[in-house]
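Have the viewer open and follow along.

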Amino acid sequence: MIGILKSLKKTPQLLRVDLRTNLFLLKYFGKFKIKKINNDYILHSHLPPINSLAYTKFVDQHLIKNISGPSHAQIGLTNACPQKCSYCYNKIRFGKAMDNDTIINCINGLGKMGVVWLGLTGGEPLLNKNIVEIIDRTDKDIAVKLFTTGCTLTQQKALDMKKAGLTYASISLDSSREEDHDHVRGYKNAFKEALRGIEIFLNAGLHTGVSTVLTKEMMNQERMLEFLGFLENLGVHEAWLSEVKPSSEYFWHKEFVISRDETDFLIKLQDQYNKKDGMTINYLGHFEHGSHFGCNAGIKMLYIDAFGEVSPCVFAPITFGNVRNMPIPAIFEAMTTHFKPDRECFMNKNYPIIKKHYRNISPIPTEDALAILEEVRHTGIPDFNRIQGGKS
């Protein structure tokens, strides 16, 4: 309740939001315990702190004005990475890397379009030597989340990033078992580096979570409780969970794609776990469930890879243009006309169509992407969009 009151004090515009939308948000917020980290009141790391400038911008632009621009974006700071994850959504992307000025100009442009949450990804984003400057030059009405393996992280760099304005730090950790994590990451000592990174970020006073890609073997009560108990003992604030996404050719087969029963299991696990105090579970499929915000790839979410290609989200291996050749708003406008909010993940349900049109070019060129989008199936409007209105 204190967090809600702080949010109202910081963002009195909430009282101007449609009553049905506010009731929806209150019900959704009730599924989490709001945490106070430093001066921030945090629901989870996929939304800005609810007493922040970024949240005020979210309320003003996306809840009241209901603008057509994106609220969330991710940007690749580099494609270089020492780890060789089999499920990596970027490993089949190639090109000429964006320079520092291009990256910063992209971020500034995204802010003007309405972005309130920005994920810094890669590759390994810490390998971009300009990462502190990039964070520092990001508008302060954008919450910044770093996705990292922890490779090359030092205590000083963590402190520098925090001072520059980093909101959330998320370390990749896929198992409580060292040999399993190192195996799926294709990198010896990946587990040790992750634990060291967690300790460094916690010592720096940052909201610290883990980003976990769940294999089929992990999706059972025993393994999940073992893993979550391990994370609790590490003292992390949040476990951000996602299944393996069918983002590359190897995973374009039904046996690799999460089932409805597995999705329901993870959603139920999250709701039960988050009733107690302690670490927050933040499963992507919960946020994107049709009863919540749904999948907004290409509408409220976009991704700019390290080479400047613009995609509807990090998991979709298709491009609608390069920032070197077209302004981002023009690319986004051309892209968003082909997408609708959906009750299911775009990739989880449409990978067979992508597989059909794939010609060993990645990301898939715009002309092929348009052919793919002619065949995609729509499964209905998420509850949030149905209540809030706007594109449907």
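Predicted model: local features only at pLDDT ≥ 70, side-chain atom pairs only at ≥ 80, totals over all residues.

Residues are numbered from 1 along each chain as its sequence is written, and side-chain values use heavy atoms, with hydrogens and water left out.

Let's start with charge. Side chains of opposite charge can pair when their charged atoms come close. Here a salt bridge is a side-chain nitrogen of Lys or Arg within 4 Å of a carboxyl oxygen of Asp or Glu, and a search of the whole structure turns up 18 salt bridges. One of them joins D141 to K57, with 3.7 Å between the closest N and O atoms. D141 sits in the loop between α5 (131-136) and β5 (143-148), and K57 belongs to helix α3 (residues 53-64), so this pair ties together parts that are 84 residues apart in sequence. Helices (H or I, at least four residues) and strands (E, at least two) are DSSP runs, numbered from the N terminus. How exposed or buried are the two partners? D141 is partly exposed, at a relative accessible area of 26%, whereas K57 is buried, at 8%. The cut-offs for relative accessible area are under 20% for buried, over 50% for exposed, and partly exposed in between (1.4 Å probe, protein chains only).

Now go to E344, which forms a salt bridge with R260, the closest N and O atoms being 3.4 Å apart. E344 is partly exposed, with a relative accessible area of 24%, and R260 counts as exposed at 60%.

The loop between α12 and α13 also holds R343, whose partner D383 is in helix α15 (residues 383-388), 40 residues apart in a link between distant parts of the chain. The closest N and O atoms of this D383–R343 salt bridge are 3.0 Å apart. D383 is buried, at 18% relative accessible area, while R343 is partly exposed, at 29%.

On to the helices. Two packed helices are described by the angle between their axes and the distance between the axes. Take helix α6 (residues 155-164) and helix α8 (residues 190-203): their axes come within 9 Å and cross at roughly 50°. Axes are lines fitted to C-alpha atoms, for helices over the stretch in contact, and angles run from 0 to 180 degrees between N-to-C directions. That makes α6 oblique to α8; angles under 35 degrees count as roughly parallel, over 145 as roughly antiparallel, 65 to 115 as roughly perpendicular and the rest as oblique. In this contact (heavy atoms within 4.5 Å), Q155, A158 and M161 of α6 meet I200, F201 and N203 of α8.

The axes of helix α9 (residues 221-234) and α10 come within 12 Å and cross at roughly 40°, and the two helices are therefore oblique to each other. On the α9 side, Q221, M224, L225, L228 and E232 meet F265, L266, L269 and Y273 of α10.

M224 lies in helix α9 and is buried, at 0% relative accessibility. Leaving aside neighbours within four places in sequence, M224 is in contact with L214, M218, L241, F265, L266 and L269.

Finally, look at C85, in the loop between β3 (72-76) and α4 (100-113). Is C85 buried or exposed? C85 is buried, with a relative accessible area of 11%. Beyond its neighbours within four places in sequence, C85 is in contact with K91, V184 and R185. The C-alpha atoms of C85 and D182 are separated by 9.5 Å, with the two residues 97 apart along the chain.
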